[in-house]
Amino acid sequence: MSRVVLRGGTVFDGYRYLGAGAVVVEDGRIRGVERAEPDTAGALVVDLAGGLVAPGFVDAHVHAVQGGLERIRCDLSGLRTREDYLAAIAAYAAEHPDLPWILGGGWAMAAFPGGAPLAADLDAVVADRPVFLPNRDHHGAWVNSRALELAGLDDAATPDPSDGYLERDPAGRPSGTLHEGAMALVARHLPATGPEEYYRALMAGQAHLHSLGVTGWQDAILGDYAGMDDPSPTYLRAARSGELTASVVGALWWDRRRGEEQIPELVRRRAELTHGRLRATSVKIMQDGVAENGTAALGAPYLDRCGHPTTNTGHSFVEAAALRRYVAALAAEGFQVHVHAIGDRGVREALDAFEHARTAVGSGDLRHHVAHLQLVHPDDVARFAALEVTANMQALWACLDDQMVELTVPFLGDERAAWQYPFGDLHRAGARLAAGSDWPVSTPDPLAAIHVAVNRTAYGEEGPAAHVPFLPEQALDLATAFAAYTSGSARVNHRDDAGVLAPGAVADLVVLDRDPFAGPVEEIGAARVVSTWVDGRPVHGSE
C-alpha cells in the first residue's frame, strides 16, 4: 500500500475552505482530511510549508493540442505589441529557414487598429514564404501577401464566404486579416502536420497544464477546425500508451455544414475514442463567433464607431430551429452538448435548444453546458438553473483590457455592455458554475482566472484592466471561484470521484506556495503551483 500525507498547510476540499489540516492519500485515493496530526508511519510526507492543498484544477474548455502546437511553433501569446509580434516572427523565420510556411499564432486584436493586422507588415519581415498566424481567440488569422496569392485571394473580386469575411483595403483587395470561415480559404493550403509533431504538441500541452495545477480537462474540439487537423488520433495514441496522465473528455466537433446525418458517425467515434483516461462523450456546437469582429450573435444590431446602429447582428452559425432539433437528437443518443455562445442571441438560442431537448427526450444526467457567456440577457440568467445547464466561465476575460475597451464596449453600447460575464448573477440565481481557459485563446493558468473572477481586475496587467473593476457586482467569492475550477468542472466531465477531497475520491491534487484564502484578494494571482498530483503521484514538481 502506498501512502502519502500532505501536512503543514491549509485545505480547500472542492466546495469549502477548511483552514488548517492534512490530506491523507492511500493507493491513489483520498483517505480523508484530518484536522489533528495524522499518523505518518510508513508514509511519504509532503510539507505544505504553509501553502494550500486543493483538488487538481479541471479546465472545462481548452484546446490542449492546439495550445501545445503553438508553444513549439511561432508562439506570440506572451507578447503585447505589433512591434513585438513582428520582431518575434522575423526571429522565428530566421531560425527556421527550411520551413515552407511560418505557422504559430497567439496575437491580440487590440494590438492593431480595428483589430486587423496587415499583410504588408508581415511582408516586411517574411516575404519569401507564406505566413498563417491565428489570433488568440482563433476566430481570425493574420496572413502575408504570399499566403493570399497562393490561396487566390489577391484581388477585389474575391467574395466573402457565408460564415466569415476578409478585411480589405480601400480598393477592396484582401488586406491580411481573415475572420471566421474566411480562415479556411488559406488554411486548406497549409502543409500537413505530421503525427509526431502533433504528439509532441500534446505532450507539451499536457506538461504545461500540469505545471499550472490542471489534472483534467475537456478538449473543446475533437475535429478539423481553423487549419488544425482532428486531434483525436493523437489523444487516442496517448491514452493507449499510458502517456496521457490527465483525465480528458473530448467534445466531438459538430460540422455546421451538415445535419442530423452526422450523428451515427459521432456515436461511432464516441466508442472508438473512449479508452483509458480519454472519453469522447460530449459534442461541441459553435453557435456564434466573437464580439470583437462582429460575428457574435446579438439580439439587436452592433453599433458603429459613432454609436449608431448598423445592420449587423452577427452570425448564428446553426439556424435556431435546426439547433433545437440537433440538441434533442444528440441528447437522445446520450451525448452531453457543449455550446460556444458569446452573444446574447447565441446564448438564448442555446438555452432554447436545451429547453426543447428536455421537453422532447427528458432531462437525464447529461450535464449540458454553455461556454463563454460574454453577453447574457437578464431575462435568461435564471434559465440556467431552471434547465440544469452549467455556465462554463472563461473568467479571465471579465476585465477592462484593451480588447474590451477598444473593440467591444463601443460597439455594444452601455446597456448591453453591462450584461457581460454575469457570473455573480448566475451564481445568485442558482446556476451551476464550471470554469475553463479556452487556451490557447488565453493563458490556461487557473489562478489568473480565479483572480479575475473575484476581483474583476487582472493580476499583473497594466492600465484599467489592473485597477478598474469591471462590473464589480458580478464578482464571485473565492470559494465559489475555486469550486467552479475544481468540483464544478469535474462534474461537467462526469467525474464525480474527482474535483473533491473526500474519502474514496481520486487523489488528483494541486499544492500552492501560499494560501490565497489567508491573504488579500488583490494577491490571489500571485500564488504559484508547487506540485501537481494525479492518482497520488506527482506529475509536476518533486516529491
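The accessible surface of the chain comes to about 19,900 Å² (Shrake-Rupley method, 1.4 Å probe; for residues, only the protein chains shown count as cover). Carbon and sulfur atoms hold 51% of that surface. The model is predicted: local features need pLDDT of at least 70, side-chain atom pairs count only at pLDDT 80 or more, and totals for chains, interfaces and linings use all residues. Residues are numbered from 1 along each chain as its sequence is written, and side-chain values use heavy atoms, with hydrogens and water left out.

Of the 543 residues in the chain, 59% are buried (under 20% relative accessible area, with exposed over 50% and partly exposed in between; 1.4 Å probe, protein chains only). The C-alpha trace spans about 75 × 55 × 50 Å along its principal axes. The radius of gyration, taken over C-alpha atoms, is 23 Å. Among contacts (heavy atoms within 4.5 Å) with a separation of 6 or more, 74% join residues 24 or more positions apart.

The secondary structure comprises 18 helices and 22 strands. These are DSSP runs numbered from the N terminus: helices are H or I with at least four residues, strands E with at least two. Eight strands form an open sheet with parallel pairing, in the order 6-13-14-15-16-17-18-19. Pairing requires at least two DSSP bridges between two strands. Strand 6 (57-62) and strand 19 (433-435) stand at the edges; each has a single partner strand, so one side of each is left without a neighbour in the sheet. The twist averages 25° from one strand to the next. Within the sheet, five bridges join strand 15 (residues 278-286) to strand 16 (residues 336-341). Val283 has Val337 in strand 16 as its bridge partner.

Helix 18 (residues 478-492) lies across strands 6, 13, 16, 17, 18 and 19. It runs at about 90° to strand 19. Axes are lines fitted to C-alpha atoms, for helices over the stretch in contact; angles run from 0 to 180 degrees between N-to-C directions.

Several loops show backbone features of note. Leu471, in the loop between helix 17 (464-467) and helix 18, has a positive phi of about 50° although it is not a glycine. Leu471 is buried, with a relative accessible area of 16%. Asp27 also is not a glycine, and its phi is positive at about 50°. Asp27 lies between strand 2 (17-26) and strand 3 (29-34). The peptide bond from Trp439 to Pro440 is cis, with omega near 15°. Pro440 sits in the loop between strand 19 and helix 16 (446-455).

Conventions:
The radius of gyration is taken over C-alpha atoms; the globule rule is 2.2 Å times the number of residues to the power 0.38.
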